[in-house]
Amino acid sequence: MDVFEAIRERRSIRSFRPDPIPEQHVQKILEAACLAPSAGNCQPWEFVLVRHPERKRALADAALGQEFIAEAPLVIVVCANVSRSAWRYGERGKKLYCIQDTAAAVQNILLAAHALGYGACWVGAFLDEEVARVINAPENVRPVAIIPIGKPAERPARPRRLPLSQVCHEEHF
Ligand SMILES: Cc1cc2nc3c(=O)[nH]c(=O)nc-3n(C[C@H](O)[C@H](O)[C@H](O)COP(=O)(O)O)c2cc1C
């Protein structure tokens with residue numbers, strides 16, 4: 001699958017079949033995540049793989065009851081190691097780069113999962129402190145996204161995008 005096809009056909013999937021994901025696919029997805037660009041190549045990401053039903057349920061609860069999280073065979077909690085960016089870039093690393101870098105890793109995960117035939121969803125609506133507690137995150141590690149992954153049990157239509165004419169500007173606004 002070429003990159004444009006992966007970008008075009010990827011959807012947020014919120015219903016999963018229970019089939020487990022083979023370990024070599026999990027590794028491929030994580031390697032894709034780690035190939036994301038990052039400011040100064042600091043790579044501030046950390047990935048927590050959650051497969052235990054009780055922990056997935058706790059994440060679904062922390063994500064304001066988004067039940068499909070508990071349904072997926074694998075949930076990856078993508079976190080930003082804030083001090084890894086702050087050490088080099090201070091406040092900008094802490095507030096901006098570590099989040100941007102981690103978001104780039106999230107997008108690679110979504111595209112890699114799709115290219116391997118899995119569905120996934122970027123979940124950002126959650127109680128930060130609750131998610132941090134569930135995964136036992138150290139003080140300097142901030143959860144950025146919860147990504148449930150599994151074989152899709154739905155085929156959603158492509159959500160509308162704003163027209164380019166509305167969001168693209170020549171030279172200035
Ligand atoms: C930062 C961010 C946070 C999101 N949080 C949630 C979420 O909490 N729950 C959810 O179901 N989808 C969430 N989404 C997925 C969006 O709803 C989805 O990407 C958007 O509707 C476009 O659909 P598509 O991904 O199928 O193109 C989030 C996406 C992003 C980028």
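Which of the 13 residues around the ligand come nearest?

Guide: Happy to! This is a predicted model, where local features need pLDDT of at least 70, side-chain atom pairs count only at pLDDT 80 or more, and totals for chains, interfaces and linings use all residues. Residues are numbered from 1 along each chain as its sequence is written, and side-chain values use heavy atoms, with hydrogens and water left out.

Of the 13 residues around the ligand, the nearest are Ser12, Arg14, Gln66, Trp122 and Arg161; a residue is near if one of its heavy atoms lies within 4 Å of the molecule. By type, the shell holds 6 nonpolar, 3 polar and 4 charged residues. Here Ala, Val, Leu, Ile, Met, Phe, Trp, Tyr, Cys and Pro count as nonpolar, Asp, Glu, Lys and Arg as charged, and the others, Gly among them, as polar.

Now for the polar contacts, meaning pairs of N or O atoms within 3.5 Å; within protein, one must be able to donate a hydrogen and the other to accept it, and residues adjacent in sequence count only if both atoms are side-chain atoms. Ser12 places a polar side-chain atom 2.6 Å from an oxygen atom of the ligand. Trp122 has a polar backbone atom 2.8 Å from a nitrogen atom of the ligand, and for a polar backbone atom of Gly124 the distance to a ligand nitrogen atom is 2.9 Å. On its own the ligand has 620 Å² of accessible area, of which the protein covers 64%; such areas come from the Shrake-Rupley method with a 1.4 Å probe, and for residues only the protein chains shown count as cover.
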